[in-house]
Each structure stands twice: as structure tokens, then as C-alpha cells.
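Here are a few exercises to work through with the model open beside you. Try each one yourself before you read its solution.

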Amino acid sequence: MKPVICERFGIDFPLFAFSHCRDVVAAVTNAGGFGVLGATAYTPERLDRELSWIDEQVGGKPYGADIIVPAKFEGKGENLTRDQLADRIPAEYREFVAHLLADHGIEPEAKQHLGGSALSGDTGRELLDVAMSHPIKLIANALGVPPDYMIEAGRERGVPVAALVGAREHAVKQVQAGVDLIIAQGTEAGGHCGEVSTLVLVPEVLDALGEMGSDVPVLAAGGIVTGRQMAAVVAMGAAGAWTGSVWLTTEEAETAPYTVQKMLAATSRDTVRSAGRTGKPARQLKSEWTDAWLPNSGGRQPLPLPLQNMLAEPIIRRVDVLAAQGHPGAQALATYFVGQGVGLMNKVKPAREVVREFIEDYLAATERLSNSLPD
Ligand SMILES: Cc1cc2nc3c(=O)[nH]c(=O)nc-3n(C[C@H](O)[C@H](O)[C@H](O)COP(=O)(O)O)c2cc1C
């Protein structure tokens with residue numbers, strides 16, 4: 001008999017893999033796990049192309065999509081154009097960034113380019129429509145309760161809606177709003193995260209949902225890069241694991257080459273929870289960029305979401321290109337979202353191999369668990 005979560009999602013192993021890279025998503029799904037494409041930064045047209053490609057690769061096997069529609073952000077409900085939003089970035093912030101780059105030997109661009117932000121919440125509905133026109137088996141959201149239109153679309157089409165949470169009370173709110181799957185994500189996680197560790201958050205969330213009589217399944221996330229860690233969260237009552245960081249150093253990932261080198265060399269203490277990239281605390285590699293945005297250590301207070309993201313994203317992309325060319329200042333600034341599990345990520349491998357190792361390590365851990373008590 002298959003476990004409920006495997007039955008429900010049509011998978012062999014309850015390992016969920018979040019990735020911005022379609023090749024990782026397809027590889028994990030084809031290896032018996034469940035790939036989820038991070039779609040927030042895509043245009044609707046690009047998302048349609050990526051999902052069509054995945055459809056061809058997976059031959060009907062299950063996969064999902066993740067679209068962040070933040071519950072709160074600067075300019076929400078004001079119908080601002082990108083330029084109007086950009087006008088809210090104070091001149092002193094643009095100057096601060098120009099100085100930071102100059103201090104690292106990076107010439108200013110003729111015209112400072114500001115990115116549109118994928119996190120301004122304005123393309124969520126269109127992306128959702130595109131995602132729902134493909135045979136996705138899950139739609140996930142982060143940074144608050146999903147908008148009603150997402151929950152309704154999930155209901156109509158029979159696609160479960162998942163939400164990432166970093167605190168017990170947020171899980172309760174999500175279930176009350178009608179979410180079908182909770183991802184309890186600890187502070188170890190790469191990307192936006194809360195303050196509670198996975199080891200504490202998972203039982204807290206399970207207890208809270210139990211107290212409200214909910215049978216919504218909970219996946220554990222944050223710091224899980226091996227099968228033994230996955231076994232630990234399943235032993236605590238999680239239905240499976242939701243992962244992100246571990247796929248960044250796979251052969252299929254599109255992680256910038258210098259960033260991959262930084263990740264392979266990094267220890268678990270080389271990440272920081274910083275709002276310097278998006279305006280909301282997100283775990284990423286520590287670098288001279290993240291140092292510059294730590295107000296308690298003499299850095300600048302980041303702007304709110306999505307303004308910080310509009311300011312930071314084009315610069316970080318430029319930094320990545322220069323870092324790959326060997327520019328020392330850019331290499332010192334280069335950063336990317338990754339969790340504390342980076343300390344265990346020491347080799348580039350195919351995604352399929354990562355899934356295989358997860359399964360083997362998981363089985364060995366379950367054996368250790370069952371041998372841990374006398375007969
Ligand atoms: C590079 C990167 C980008 C991420 N972007 C998103 C995102 O757009 N939407 C989302 O729901 N979660 C995002 N996350 C969080 C993942 O979905 C996942 O919860 C997290 O990576 C789990 O912790 P781990 O990194 O320790 O495996 C991101 C994580 C990483 C590492």
C-alpha cells in the first residue's frame with residue numbers, strides 16, 4: 001500500500017523539489033519525486049514555454065508550479081506602473097549602491113537600470129492562468145495566505161494549493177483559508193524564511209493543526225539535503241520533504257558558475273538571513289552585498305518589498321557576470337539564495353543521482369531508527 005501522500009500526488013517517494021530550472025523539475029519527477037517549477041520571475045509567455053517543455057519530458061508524471069503572490073508589499077492596491085514604483089526608491093539608496101559598486105571596482109552604468117520586480121504581485125493571476133492550462137498537480141504560494149483567486153482556481157480544477165509557512169500561527173491561518181498542503185519551512189531554508197528551526201517548527205505546526213482537527217498534510221522544509229534528514233522529519237510526523245537548496249548544485253541547475261563554486265566551498269555558517277535582496281528576510285550566501293544591508297552591523301536598512309528587489313536584482317545579475325569573468329570585487333559581492341544545508345553540498349551531481357542518494361540514505365536511516373530499541 002502506498003503512503004497517502006504518494007497516493008495523492010502519484011509519486012513513489014515523497015521528496016518535493018523546488019527549482020527555477022525546468023530540467024531539475026523534470027529530472028526529479030522522472031526519478032519518482034515531485035518537481036515544482038518556481039515561476040514567479042517568468043513572464044506568462046515564458047512560463048507557458050517552460051511548462052510545455054516539462055509536459056513533453058515527464059510523459060504525464062506529476063509536477064507542480066510555485067507562484068509567489070505576496071500578501072503585503074509596497075504599492076499594493078494602488079495600481080502603480082513600474083516607473084511610479086521606481087520613483088519610491090530614494091535617491092540616497094541609488095547613491096549608496098553606486099558607492100558600494102565603486103568601492104568594489106565596478107564602474108557605474110551610464111543609466112542606473114532598475115528591474116521590474118517579480119515580487120510586486122501584479123502578474124500572479126496571469127501566471128496562475130497559464131499554470132492551470134497545463135496538467136499541474138500542485139500550485140504553491142509563499143509570503144502569506146494565497147489570494148482567493150488561487151484557492152478558487154485550485155478547487156475548480158482539482159489542483160491542491162500549498163502554502164509555505166515559517167510559524168505555527170501562520171499554518172493555522174493558511175488552513176482556515178482553505179489551503180490543502182502546508183510546507184513548514186524552518187529558518188535553515190534558502191530563500192525567504194522565518195526564525196524557527198525545522199526541528200521545532202514541524203512538530204509545532206503538526207500539533208497546531210491536530211488541535212484544530214485538521215488532516216491537511218505537512219511537508220517539512222529547511223536544511224534538508226540528505227535522506228537521513230528527510231527520515232528525521234518523517235519520523236516527527238511530516239508527510240515528506242520539500243527541498244530547494246540541494247538542487248542548486250546539480251548538473252541541470254542554471255546557478256551562476258561562480259556561485260556554484262562559492263556554494264561548494266561554503267560551510268553551514270556561510271549563509272545569512274538578510275533582507276538585502278528582496279526587502280524581506282531571505283537566507284542566502286553571506287557576501288559583501290549582504291554585509292552592506294545589515295543595519296545592526298553598520299549597514300543600510302533595506303527598502304520594503306518590492307523596492308529593494310527592483311534596486312538589487314539588476315545589480316546582482318551584473319555582479320554574477322563579472323564574478324564569472326574573475327572580477328575580484330564582484331566575487332566578493334556575489335550572493336544567491338541558499339540554506340544552511342549548503343555545508344553538506346560538496347559536489348556537482350545529476351539531479352537523478354541526488355534523488356537516488358536520498359532514497360538510499362533514507363532507507364539506511366529508517367533501519368537505524370528501527371534498530372535503536374531493544375527487541
Ligand atoms: C534559490 C531559491 C529560490 C527560492 N525561491 C522561492 C520561490 O520563488 N517561491 C517559494 O515558494 N519558495 C522559494 N524558495 C524556498 C523553497 O521553496 C524551499 O522552501 C526551501 O529552499 C527549502 O529549504 P532548503 O533550501 O534548505 O532546501 C527558494 C529557495 C531557494 C534556495
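**Exercise 1.** Which residues in the largest nonpolar core touch the most other members?

*Solution.* Keep in mind that this is a predicted model. Start with the core as a whole: it has 45 residues. Next, see where the members come from: helix H15, residues 351–370, gives the largest share, with six residues.

**Exercise 2.** Pick out Met-230 and find what it is in contact with, leaving aside neighbours within four places in sequence.

*Solution.* Contact here means heavy atoms within 4.5 Å. With that cut-off, Met-230 meets Phe-13, Pro-14, Leu-15, Ile-224, Ala-241, Phe-358 and Tyr-362.

**Exercise 3.** Which residues are closest to the ligand, and what classes make up the shell around it?

*Solution.* First, the surroundings: 18 residues surround the ligand, and the closest are Asp-66, Gln-185, Gly-223, Gly-244 and Ser-245. Then sort the shell by class, which gives nine nonpolar, eight polar and one charged residues.

**Exercise 4.** Find how far Asp-66, Gly-223 and Gly-190 lie from oxygen atoms of the ligand.

*Solution.* Take Asp-66: one of its polar side-chain atoms is 2.7 Å from a ligand oxygen. For Gly-190, a backbone N or O atom sits at 3.0 Å. Finally, check the cover: the ligand on its own has 590 Å² of accessible area, and the protein covers 95% of that.

Technical notes
Residues are numbered from 1 along each chain as its sequence is written. This is a predicted model: local features need pLDDT of at least 70, side-chain atom pairs count only at pLDDT 80 or more; totals for chains, interfaces and linings use all residues. Side-chain values use heavy atoms; hydrogens and water are left out. A residue is near a molecule or strand if one of its heavy atoms lies within 4 Å of it. A polar contact is a pair of N or O atoms within 3.5 Å; within protein, one must be able to donate a hydrogen and the other to accept it, and residues adjacent in sequence count only if both atoms are side-chain atoms. Accessible areas come from the Shrake-Rupley method with a 1.4 Å probe; for residues, only the protein chains shown count as cover. Ala, Val, Leu, Ile, Met, Phe, Trp, Tyr, Cys and Pro count as nonpolar, Asp, Glu, Lys and Arg as charged, and the others, Gly among them, as polar. A nonpolar core is a set of buried Ala, Val, Leu, Ile, Met, Phe, Trp, Tyr and Cys residues joined through side-chain atoms within 4.5 Å. Buried means under 20% relative accessible area, exposed over 50%, partly exposed in between (1.4 Å probe, protein chains only). Helices (H or I, at least four residues) and strands (E, at least two) are DSSP runs, numbered from the N terminus.
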